[in-house]
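Hi,

Here is the structure we talked about passing on. Please load it first, then read the notes below.

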Amino acid sequence: MNKLMHVLKEPLLHFAVIGLVLLGVSRLVSEPQEDPNLIRIDAATQAELAQIFETNRQRLPTKTEMDRLVRVHILNEALYREAKHLELDHGDQMLRERMVQRMRLMMNSGIVIQPPTDAELRAWYEERKADYAIPALISFVVIGLDTDSQSEAIEVAKSANAADAAGARLSRPDAPFARFENRPRALMVELLNEVFVASVEQLTLDEWTPLPSPQGWQVVKYLGSTDRVMQDFDTVRAAIHGDWVEAERNKEEDRVMRALLARYPVET
């Protein structure tokens with residue numbers, strides 16, 4: 001005990017302790033303090049976002065989808081921190097998503113959109129007239145053979161036409177029927193390609209016909225198609241009004257959110 005007291009009285013020990021304290025204070029003063037509003041998107045965060053996406057969609061996100069996930073995460077983080085700053089969770093252990101939603105609703109509740117004038121609606125319609133057209137439609141049925149054999153497709157087409165003539169339907173468990181009725185032609189082109197859709201339109205109506213496709217020979221019955229129909233302003237006025245108001249609200253919401261995000265630097 002006496003030895004310990006003797007050591008504690010040593011001046012060198014005092015200098016050593018003082019030196020350690022000063023060193024610690026120096027580091028605290030010299031090291032830059034991180035911005036409390038900084039939103040850091042590190043590899044772990046991105047991996048977590050990708051894992052959530054994969055769990056929901058059974059695949060990994062594309063780069064575009066990943067960028068969208070990160071943007072949504074940043075916005076939600078900013079909304080969450082703003083909600084915490086305003087103590088919206090005071091006295092209640094709400095989940096993060098509920099706080100973000102409350103913050104979003106509170107910010108958007110102050111948005112007021114003035115009713116559009118007739119001139120504004122007509123200008124909107126003139127710029128987007130094609131969007132309000134009834135699209136070109138096409139109807140057809142496919143027996144999905146996916147075969148490389150044209151002769152097989154010819155035989156199936158004969159059997160299908162014979163079944164139709166007898167008031168029955170060809171039974172082909174290994175080749176499912178796919179019926180596309182009054183589908184937008186542009187969508188069918190996107191799914192099946194322009195060459196195939198154009199070939200369908202050249203077929204004889206209501207007759208099963210062998211037809212090549214990118215997946216092999218199919219048997220197709222063409223049921224008809226309609227051209228695109230343009231609609232006048234008065235016919236679609238209600239839809240135009242709804243679209244205009246939604247677009248204006250989206251612009252105002254975007255302005256509010258950009259003002260919020262400006263307060264939160266992001267490090268990726």
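Is N182 buried, partly exposed or exposed? N182 has a relative accessibility of 48%, so N182 counts as partly exposed. The limits that matter here are under 20% for buried and over 50% for exposed. N182 sits in strand β3, which covers residues 177-184. Its backbone deserves a look: N182 is not a glycine, yet its phi is positive, at about 50°.

One caution before the rest. This is a predicted model.

**Overall**

The chain has 268 residues, and 29% of them count as buried. It contains ten helices and six strands. Take the contacts in the chain with a separation of 6 or more: 68% of them join residues 24 or more positions apart.

**Positive phi**

Most residues other than glycine have a negative phi. N182 is one exception, with its positive value of about 50°. Q58 also has a positive phi, near 60°, and Q58 is not a glycine either. Q58 belongs to the loop between α3 and α4. Its relative accessible area is 67%, so Q58 is exposed.

**Largest pocket**

How much space lies in the largest pocket? The figure is about 370 Å³. Its lining has 14 residues, and the closest to the pocket centre are L49, I52, H73, N76 and E97. Three helices each supply at least two lining residues: α3 (43-57), α4 (63-85) and α5 (96-108). Which of them gives the largest share? That is α3, with seven residues. By type, the lining divides into six nonpolar, four polar and four charged residues.

**Helix α4**

Setting aside neighbours within four places in sequence, E77 is in contact with I39 and R96.

K84 is also in α4. Its relative accessible area is 39%, which means that K84 is partly exposed. R96 comes up again here: the C-alpha atoms of K84 and R96 are separated by 9.8 Å, and the two residues are twelve apart along the chain.

**Helices α6 and α10**

How do α6 and α10 lie relative to each other? The axes of α6 (residues 118-127) and α10 (residues 237-261) come within 10 Å and cross at roughly 95°. Angles from 65 to 115 degrees count as roughly perpendicular, and α6 and α10 are therefore roughly perpendicular to each other. On the α6 side, the contact is made by D118, E120, L121, W124 and Y125. On the α10 side, it is made by R237, I240, H241, D243, W244 and A247. These contact residues divide into six nonpolar, one polar and four charged.

T117 is found in the loop between α5 and α6. Its relative accessibility is 42%, so T117 counts as partly exposed. T117 and H241 are 124 residues apart along the chain, while their C-alpha atoms are separated by 9.8 Å. H241 is one of the α10 residues in the helix contact.

**The loop between α9 and β4**

This loop holds two residues to check. The loop runs between α9 (194-201) and β4 (208-213), and D206 is found in it. D206 has 53% relative accessibility, over the 50% limit, so D206 counts as exposed. What does D206 touch, leaving aside its neighbours within four places in sequence? D206 is in contact with K221, Y222 and L223. The C-alpha atoms of D206 and G224 are separated by 8.4 Å, and the two residues are 18 apart along the chain.

T204 has its place in the loop between α9 and β4 too. At 48% relative accessibility, T204 counts as partly exposed. T204 and L223 are 19 residues apart in sequence and 8.8 Å apart in space, C-alpha to C-alpha. L223 is also one of the residues in contact with D206.

That is the handover.

Best wishes

How values were computed: Residues are numbered from 1 along each chain as its sequence is written. This is a predicted model: local features need pLDDT of at least 70, side-chain atom pairs count only at pLDDT 80 or more; totals for chains, interfaces and linings use all residues. Side-chain values use heavy atoms; hydrogens and water are left out. Axes are lines fitted to C-alpha atoms, for helices over the stretch in contact, and angles run from 0 to 180 degrees between N-to-C directions. Helices (H or I, at least four residues) and strands (E, at least two) are DSSP runs, numbered from the N terminus. Angles under 35 degrees count as roughly parallel, over 145 as roughly antiparallel, 65 to 115 as roughly perpendicular and the rest as oblique. Contact means heavy atoms within 4.5 Å. Ala, Val, Leu, Ile, Met, Phe, Trp, Tyr, Cys and Pro count as nonpolar, Asp, Glu, Lys and Arg as charged, and the others, Gly among them, as polar. On a 1 Å grid over the protein atoms alone, a cavity is a set of points where a 1.4 Å probe fits but cannot get out, and a pocket is an open set with protein on both sides within 12 Å along at least five of seven lines; lining residues have an atom within 4 Å of a point. Grid points are joined across faces, edges and corners, and a volume is the space filled by probe spheres set on the points. Buried means under 20% relative accessible area, exposed over 50%, partly exposed in between (1.4 Å probe, protein chains only).
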